[in-house]
Amino acid sequence: MRPLMNIALITALGLVTMACTVVTDPSSGSSGGSNKTSFMDRQQQISEFARVNLDHLRSDMAAGQGEYLDSLATLLDIAPDRQPAFRELTRERFTTLFPSENTTATEMLATLNREMQTDPSLAQRVAVR
Amino acid sequence: MLGILLTPLQSRAAGDDAYQADLIQRAEALNLAGQRAWWTLLHYRPGTDGARVISDADDPRFFLAPTGKNDPAAELAATLRAFFNSDPVGGDPQPAQCAFRARYHWLQDMLGFDPQRLPEQPCESFTQWWRMLDVASVTVVFASAYLDNPASLFGHTLLRLDQRDQTERTRLLAHAINYAADDSNSHPLLYAFDGIAGGFQGRFEVQPYYKLVRTYSDLESRDLWEYRLNLTPAQLQRLLEHAWELRDIHFDYYFFRENCAWQLLTLLEAADPTLMLSDRFTLWTLPADTLRLLLEQSGLVGPVHARPARGSSLRRRYLALDAGERRLLRRLRHAPELTLDPAFRDRPAARQALMLELALDERQFRRARSADEAGAPADPGDQWLLKARNRLAVAADPVPITPYATQPETGHASRRLGIGLGQGNGAAFIELNARAAYHDLLEPVAGYTPDAQIEMLDLAVRYYAGGPLALERLTLLDITSLRPFDRLTPRPAWQIHAGWLSAARADCYDCTLFHLGGALGLAAESSWPWRMLWFGLPGLAFESGATPDDGEQAGPSLTVGVLAQPDANWTLKASAFWLNDQWGDSGTTLRAQLQQNLALARDLALQTTWRYQPGWHEFMLGLRVYF
């Protein structure tokens with residue numbers, strides 16, 4: 001019984017001492033990817049943002065509002081006064097942007113780019129690939 | 001073009017040797033190597049024996065002199081020499097002027113380099129990095145405790161780099177500096193040992209903030225508190241240049257002290273060497289304590305902003321629904337076709353939108369938590385709900401969402417000392433107690449995660465009048481999570497405890513036993529007449545007496561109790577513990593206690609305890625101070 005007790009003690013002590021390590025989320029790309037993410041150009045930033053936050057973007061676009069949608073608009077360099085029109089566009093064309101549950105971030109961004117071309121009021125400076 | 005080609009050649013010119021020697025001599029005359037600014041950039045501190053100097057950085061690439069880890073002057077001379085050539089050095093190899101930007105600029109300020117004799121080299125990758133970050137200010141972000149992961153019991157801090165022209169709506173696009181241990185190579189059995197002894201390597205990582213929000217807020221459901229810091233542009237520049245120097249540089253990671261919270265302080269000290277922060281912590285560093293320290297610095301901390309966790313947002317919105325809507329919602333998340341049902345469609349559009357968004361969030365939350373490879377694809381049910389939401393061209397009924405974990409610095413300090421007077425079986429005693437960390441269920445919840453208890457190293461000793469000096473308790477660790485059950489996101493309540501307890505009885509005032517136990521059950525809250533939290537925790541426990549003839553006991557256990565909170569500063573608790581000695585030497589054990597805690601001030605409380613166990617009953621009145 002004594003050795004068992006010691007093992008339990010050490011385990012408990014170990015638990016005690018842990019402060020603030022990080023659990024890496026496998027979906028968010030490479031762990032410790034400081035150097036990779038450090039040098040993303042705007043295109044890569046847009047793709048990466050859409051890939052990691054696709055769930056949030058899907059919900060925000062369906063509702064035509066939200067923090068993730070606002071952030072995407074900013075990444076796309078859409079002027080603040082044009083952003084309401086952008087949000088409205090994503091809401092109106094939601095079923096085109098996300099035709100099925102399997103729509104990927106890349107597909108959505110390509111559709112978004114096409115849809116924005118058809119809307120002259122959304123003269124965005126960063127083209128989506 | 002010609003100039004760039006000539007640079008390496010120039011560095012070997014004879015005139016430069018003279019200038020090198022001149023600079024080194026002037027640096028010595030000014031005692032630059034003894035200045036705090038230099039020490040903060042190199043992470044030097046006095047060694048344990050007083051005389052020796054040691055740097056916390058454990059990566060040889062961080063130093064240019066072979067003896068750099070222990071010799072600030074040699075390191076400074078080597079750094080000046082290295083600025084004259086373009087040999088790649090550092091964690092991300094490049095010329096010394098570029099690899100060590102903060103050192104270069106500080107030495108330039110101190111010595112005034114002659115650009116003719118020490119030409120400045122172009123640092124393209126640094127410039128690119130600098131432009132991408134485009135930092136206007138920095139914010140310390142506190143992630144509240146996450147009880148399901150032992151690594152996150154005391155919370156976490158990181159530093160967010162806010163960009164120019166960003167608003168709270170687009171903060172996700174900021175980057176953040178996160179100090180984290182790389183524990184991927186550690187064997188699980190060595191994990192704890194490595195954590196204490198510095199077996200892990202810690203690194204500063206720069207990541208997009210949205211990835212950290214995803215980990216902490218979305219997956220782990222931890223409320224985030226964001227504290228804007230007021231740094232001058234010069235301090236900000238130095239902070240970033242130093243963060244650049246630290247890329248890929250590893251430090252030995254000690255969970256106790258040299259953890260994320262402590263390392264952030266060293267970063268801030270490098271930005272502003274007049275700040276004296278990190279040496280305030282000698283044995284351990286808790287993230288909330290570092291926040292308190294930052295708030296003590298006059299004018300350093302600006303506006304505070306909350307980012308409620310996904311779990312908090314779900315719960316707040318769910319509780320804002322009426323009973324009929326809650327029923328609808330619980331069906332809706334499993335059967336999206338319910339959107340066609342009149343029971344749903346007859347609700348106002350804004351309420352429908354609220355329920356649909358809530359159902360979608362809950363499905364995503366559940367999926368993300370269960371997925372091995374997170375970011376699991378959406379399913380047809382989601383698509384159905386999304387389309388239904390999309391058809392409602394209205395905003396969802398707004399629900400105010402505040403975090404459950406309140407601002408960490410508003411709580412009592414994490415260390416506690418107490419004194420008590422009481423009677424056990426009629427014999428008077430005086431008790432002294434001390435606790436290293438952190439929070440128990442009786443203490444006011446302000447600043448802490450509600451309904452959670454985390455205690456480590458809690459010691460109490462008693463002196464009985466004319467009798468023995470007795471160990472009352474030594475808690476090594478107690479974690480209790482009594483998250484109240486809700487039907488939307490049901491989670492169990494649980495508890496683990498390890499430590500020594502008093503086993504006093506009529507013939508043995510100073511008997512103790514060792515207790516090790518774990519339990520898993522349920523907690524539920526009610527609101528009459530005050531907030532009450534009821535809990536029942538079946539589990540397993542092992543107990544071992546202090547003397548051989550007391551023997552050992554093990555078996556199924558049950559803890560039941562109730563917590564009542566008549567006021568934010570006043571909490572009552574009644575609990576009973578029962579152990580059925582299935583596999584041991586003696587019969588069942590029953591212990592019961594009744595406690596109340598009245599906070600007189602943030603760091604002062606009055607506590608009373610009544611306790612019963614076979615052959616023993618006691619009463620105690622105590623005073624506790626937090627520091």
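Modeller: In α5(A), the residues A:Glu67, A:Tyr68, A:Leu69, A:Asp70, A:Ser71, A:Leu72, A:Ala73 and A:Leu75 are buried. Buried means under 20% relative accessible area, exposed means over 50%, and partly exposed lies in between (1.4 Å probe, protein chains only). This is a predicted model, in which local features need pLDDT of at least 70 and side-chain atom pairs count only at pLDDT 80 or more, while totals for chains, interfaces and linings use all residues. Residues are numbered from 1 along each chain as its sequence is written, chains are lettered from A and ligands numbered from 1 in the order in which they are written, and side-chain values use heavy atoms, with hydrogens and water left out.

Biologist: What makes α5(A) mostly covered?

Modeller: Eight of the nine residues of α5(A) are buried. These buried residues pack against α3, α4, α6 (83–92) and α8 of chain A, together with α9 and β11 (301–307) of chain B; a contact here means heavy atoms within 4.5 Å. Just after α5(A), A:Asp77 takes a positive phi of about 65°.

Biologist: Which residues of α3(A) are buried, and what do they pack against?

Modeller: In helix α3 (residues 42–52) of chain A, the buried residues are A:Gln43, A:Gln45, A:Ile46, A:Glu48, A:Phe49, A:Ala50 and A:Val52. Their partners are α4, α5 (67–75) and α8 of chain A and also α7 (124–133) and α9 (209–219) of chain B.

Biologist: How do you know that A:Asp41 caps the N-terminal end of α3(A)?

Modeller: A side-chain oxygen of A:Asp41 lies 3.1 Å from the backbone nitrogen of A:Gln43. A polar contact is a pair of N or O atoms within 3.5 Å; within protein, one must be able to donate a hydrogen and the other to accept it, and residues adjacent in sequence count only if both atoms are side-chain atoms.

Biologist: Why are α4(A) and α8(A) called oblique to each other?

Modeller: Helix α4 (residues 54–63) and helix α8 (residues 105–117) of chain A pack at an angle of about 40°, with their axes 11 Å apart. Angles under 35 degrees count as roughly parallel, over 145 as roughly antiparallel, 65 to 115 as roughly perpendicular and the rest as oblique. The two helices are therefore oblique. In this pairing, A:Leu54, A:Leu57 and A:Met61 of α4(A) meet A:Ala105, A:Met108 and A:Leu112 of α8(A). By class, the contact has six nonpolar, no polar and no charged residues; Ala, Val, Leu, Ile, Met, Phe, Trp, Tyr, Cys and Pro count as nonpolar, Asp, Glu, Lys and Arg as charged, and the others, Gly among them, as polar.

Biologist: What makes α11(B) roughly parallel to α12(B)?

Modeller: Helix α11 (residues 260–271) and helix α12 (residues 287–296) of chain B pack at an angle of about 30°, with their axes 9 Å apart. That angle makes α11(B) roughly parallel to α12(B). Here B:Ala261, B:Leu265 and B:Leu268 in α11(B) meet B:Pro287, B:Thr290 and B:Leu294 in α12(B). The contact divides into five nonpolar residues, one polar and no charged.

Biologist: Is B:Asp289 buried or exposed?

Modeller: B:Asp289 belongs to helix α12 of chain B and has a relative accessible area of 12%, which means that this residue is buried. Its side chain is joined to that of B:Ser414 by a polar contact of 2.7 Å.

Biologist: Why is B:Trp284 called partly exposed?

Modeller: B:Trp284 lies in the loop between α11 and α12 of chain B. Its relative accessible area is 23%, so B:Trp284 is partly exposed.

Biologist: What is noted about phi of B:His43?

Modeller: B:His43 has a positive phi of about 60° although it is not a glycine. B:His43 sits in the loop between α3 (36–42) and β1 (44–46) of chain B and, because its relative accessibility is 4%, counts as buried.

Biologist: How many helices and strands does each chain have?

Modeller: Chain A has eight helices and zero strands, while chain B has 17 helices and 23 strands. Helices (H or I, at least four residues) and strands (E, at least two) are DSSP runs, numbered from the N terminus. Of the 129 residues of chain A, 57% count as buried; in chain B, with 627 residues, buried residues make up 57%.

Conventions
Axes are lines fitted to C-alpha atoms, for helices over the stretch in contact, and angles run from 0 to 180 degrees between N-to-C directions.
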